[in-house]
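We will go stop by stop.

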Amino acid sequence: MQIIETPETFDVIVVGSGAGGGMASKILAESGLNVAVVEAGPTFDPKNEEHRTQLKWPWESPRRGANSMRAFGDFDSAYGGWEIDGEPYTRKDGTEFDWFRSRMLGGRTNHWGRISLRFGPKDFKRRDIDGLGDNWPISYQDVAPYYDKVDKLIGVFGTKENFDNEPNGYFLPPPKPRLHELYYIKGATKAGIPVIPSRLSILTKRINQERGTCFYCRQCSRACMQYADFSAGTCLVFPTQRAGHSLKVFTNAMVREVLTNDEGKATGVSYISKDDRKEYSIRAKVVVLAASACSSARILLNSKSSRFSNGLANGSGMVGKYLHDSTGASRGAIVPELFNRKTYNEDGVGGMHVYTPWWLDNKKLDFPRGYHLEIWGGMGMPSYGFGFNASDLNSQFGGTVGGYGSKLREDVKKYYGAMIGISGRGESVAQESNYCEIDPEKVDQYGIPVLRFHYKWTDYERDQAKHMHQTFEQIFEAMGAKVLGDTPGKDKDYGLAAPGRIIHEVGTTRMGDDPSKSVVNKYLQAHEVDNLFVVDGGPFVSQADKNPTWTIMALSWRTSEYIIDQLKKQNI
Amino acid sequence: MRRRDSLKSLLVGSVAGGLVLKGCSPGEQPQQEQEQTAAVQHYGRTPEEKLRDEKLMSEQFFTEEELATVAILCDIILPAEADLGSATDAGVPDFIEFIAKDMPNHQLPLRGGIMWLNNQTNERFNLDFNKCAEQQQIELIDEIAYPDQAPENLKHGVVFFSLMRNLTLTGYYTSEMGIKDLGYKGNQPNVWDGVPQEVLDEHGLSYDPEWIARCVDQDKRNDTAEWDADGNLIT
């Protein structure tokens with residue numbers, strides 16, 4: 001789609017086309033509004049032969065799928081990564097934060113894990129439980145109807161478990177566990193840890209005639225040409241356009257600021273076109289930011305005027321504050337019973353078929369928030385790195401380390417598919433002292449001042465990671481697996497991943513009833529600018545140990561209905 | 001029959017050009033044919049990525065002599081066997097040439113390592129490695145191929161040979177030949193319906209009937225999902 005400077009005024013501009021932006025653009029356009037979506041990257045459609053990586057073989061990439069170009073390898077459908085040429089960011093006071101961006105239609109929804117968990121009733125009221133952080137100004141009951149709608153519109157497999165704080169939903173049936181998952185079930189059950197079918201937004205069953213069903217290639221990270229997994233482009237933007245609604249996408253358009261008038265209302269956005277490096281402006285009655293938590297904060301902070309000298313919607317000074325990511329730790333183990341496996345096609349869906357939701361009571365533990373367990377393993381398709389140090393395991397399981405010749409082929413086949421891994425993904429406690437702000441000196445290649453991060457984990461997260469590793473070892477031992485590597489100690493933060501690595505960053509434009517302590521109200525409407533909304537992860541008050549996408553979409557839907565209603569009533 | 005239909009529907013209109021599947025009768029593995037012309041070989045590159053690939057392809061890192069050493073080492077590491085080709089048959093030296101350009105951190109260890117080999121064989125046999133008799137080459141390789149047994153003064157060679165072994169194995173097992181050798185059977189449309197019974201038996205495992213009862217009935221996967229008011233699937 002060619003970008004043209006247009007005198008056309010839109011009803012709504014949506015900045016960003018990922019989970020939040022895709023949903024808002026669909027709901028708003030379907031209501032009859034004239035919507036512009038402004039996306040910083042190019043268009044992307046996994047059905048397009050020039051974009052498709054699904055079902056490609058490793059040898060079709062000269063680097064065999066290595067990650068020298070894309071953070072998760074050549075076939076992963078994220079144009080971007082933690083580092084993007086010409087779009088730097090900085091870190092303050094020697095702290096760590098890695099910022100993952102995906103510049104393309106659909107954003108990060110094209111490659112994500114499709115783990116689609118609802119936040120539970122407790123997740124909205126954590127302060128009531130442990131006295132830390134803040135409660136959300138809304139409760140599970142406010143969001144539940146929208147979770148239901150998202151389930152039915154997008155499709156998610158899972159099972160009704162009546163599990164504490166893991167609400168039921170409208171589920172498609174889950175796929176049967178694979179062999180390594182049966183070993184996990186065996187080990188976890190023996191260790192007294194529950195296991196249930198996972199909940200992923202992948203169509204194990206048809207939900208409409210527009211999207212196909214899963215054909216089990218295990219490649220959801222490549223985005224599906226059948227549209228059988230959720231991506232914002234394939235499931236929200238394209239169908240809305242095909243239905244003839246007024247939804248115009250501006251691609252390669254890097255938003256610099258939200259424009260405002262003398263009355264302090266948003267009037268549109270200005271963006272730099274990556275195609276001709278010129279600046280354009282688009283006008284609208286309402287501006288909806290969905291550029292991702294940190295990008296939306298950056299746009300607000302860069303939207304300075306005499307009226308908003310601190311950045312737009314930032315009278316509270318809270319824009320950028322309370323940045324928080326999920327915690328993460330992982331461990332692998334070898335299951336000797338899986339040596340020299342009989343090979344068969346066990347690709348399954350692109351992700352785990354089973355998982356463990358948080359099952360303990362934090363009141364009895366030395367850390368305040370929970371985590372869930374994700375399981376990986378199996379006979380996957382080789383890519384760059386496969387076969388590295390193939391015989392090293394012989395030092396533990398018998399045989400010579402190193403060597404050459406036929407022996408190596410035997411080593412490789414012996415260990416192929418014998419590894420199982422567990423990853424813990426947990427909730428951190430949001431801190432005001434973890435934030436992003438505008439770097440006072442640096443700009444990106446479009447001349448836009450960049451973000452500077454300041455982020456430190458606390459002992460809440462470190463102690464949680466320590467507990468994760470104890471759990472991993474407990475389960476591995478119970479299944480008869482040999483744990484790989486040493487237990488990471490205090491010197492390594494107990495194996496806790498650096499902030500930003502789990503790519504669930506939220507909190508930078510948090511919601512609240514008190515305008516002095518929050519950026520948006522419970523409808524995600526800026527306290528200070530009534531025709532400005534934020535529908536990405538920025539408004540999250542706390543992250544829960546759940547992946548944020550399902551909640552982003554439910555809240556975006558809810559806010560879109562609010563916008564439609566407010567426009568009708570001429571309140572904005 | 002539904003399974004067959006669904007596999008067919010997978011193909012119709014979904015993959016314009018490129019991929020064609022045939023013979024999808026139940027129980028039969030679908031066969032895949034790549035209709036590719038030299039001019040159109042996409043693997044989903046962005047224009048910037050395409051440019052970088054082309055730039056790397058147009059450059060040459062190894063000298064002819066170095067490339068000959070790489071090929072010799074590749075085939076020592078993975079020689080041809082009865083019904084299997086060697087690493088060079090699988091095109092591994094070309095892959096190593098490319099990856100050295102793609103990951104410049106490999107360049108010095110590879111170039112220096114090859115020179116280290118030559119230094120050793122010149123000292124021992126007064127010949128460059130490539131010119132040595134196979135037996136002389138193997139004599140040196142045997143001393144650096146086993147990290148636990150190698151003498152201290154040959155550690156540099158151990159590190160180099162380990163790198164060559166890693167790149168050779170990864171290059172081979174990501175080639176068409178290597179994937180066939182490995183027995184990987186996926187990367188194609190399929191209907192996952194659980195671990196084969198004989199594999200379950202072999203591992204002394206079984207599915208929990210209650211768990212399985214809630215899993216997808218693959219015969220109904222193309223029936224559009226509908227739920228009752230309590231969220232129970234009714235189709």
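**Before you start**

This is a predicted model: local features need pLDDT of at least 70, side-chain atom pairs count only at pLDDT 80 or more, and totals for chains, interfaces and linings use all residues. Residues are numbered from 1 along each chain as its sequence is written, while chains are lettered from A and ligands numbered from 1 in the order in which they are written.

The model scores ipTM 0.95 and pTM 0.93.

**Stop 1: colour chain B by confidence**

pLDDT is the predictor's confidence in each residue, from 0 to 100. Chain B averages 87, and 83% of its residues score at least 70. Now select residues 1–39 of chain B. Their pLDDT is below 50. Beyond near neighbours in sequence, this stretch still has 50 contacts in the model. A contact means that the C-beta atoms of two residues, placed from the backbone, lie within 7 Å.

**Stop 2: where the chains meet**

Show both chains. Here 72 residues of chain B are in contact with 77 residues of chain A. Which helix gives the largest share of chain B's side? It is α7(B), with 5 residues. Helices (H or I, at least four residues) and strands (E, at least two) are DSSP runs, numbered from the N terminus. By class, this side of chain B has 36 nonpolar, 21 polar and 15 charged residues. Ala, Val, Leu, Ile, Met, Phe, Trp, Tyr, Cys and Pro count as nonpolar, Asp, Glu, Lys and Arg as charged, and the others, Gly among them, as polar.

**Stop 3: two crossing helices in chain B**

Select α3(B), residues 64–77, and α7(B), residues 155–173. Their axes come within 10 Å and cross at roughly 75°. Axes are lines fitted to C-alpha atoms, for helices over the stretch in contact, and angles run from 0 to 180 degrees between N-to-C directions. So α3(B) is roughly perpendicular to α7(B), a label for angles of 65 to 115 degrees. Show side chains next: Leu73(B), Cys74(B) and Ile77(B) from α3(B) meet Met164(B), Arg165(B) and Thr168(B) from α7(B). This contact has 4 nonpolar, 1 polar and 1 charged residues.

**Stop 4: the six-stranded sheet of chain A**

Move to chain A. An open sheet of 6 strands runs β6-β12-β13-β14-β11-β17, with antiparallel pairing. Two strands pair if DSSP finds at least two bridges between them. Select β11(A) (327–334) and β14(A) (419–426): 8 bridges join them. Ser330(A) stands opposite Ser423(A) in β14(A). Next, select α9(A), residues 459–478. This helix packs on the sheet, touching β11, β13, β14 and β17 of chain A. Its direction makes about 20° with that of β11(A).

**Stop 5: the three-stranded sheet of chain A**

A second stop in chain A shows an open sheet of 3 strands, ordered β4-β16-β15, with mixed pairing. What joins β4(A) (90–91) to β16(A) (449–454)? There are 2 bridges, and these strands run parallel. On the other pairing, 5 bridges join β15(A) to β16(A), which run antiparallel. Look for Cys436(A) opposite Phe453(A) in β16(A), and for Ile438(A), whose bridge partner is Leu451(A). The hairpin of β15(A) and β16(A) has 5 residues between the strands, and Gly447(A) takes a positive phi near 80°. Finish with α6(A), residues 293–302, which lies across β15 and β16 of chain A at about 60° to β15(A).

Technical notes:
Angles under 35 degrees count as roughly parallel, over 145 as roughly antiparallel, 65 to 115 as roughly perpendicular and the rest as oblique.
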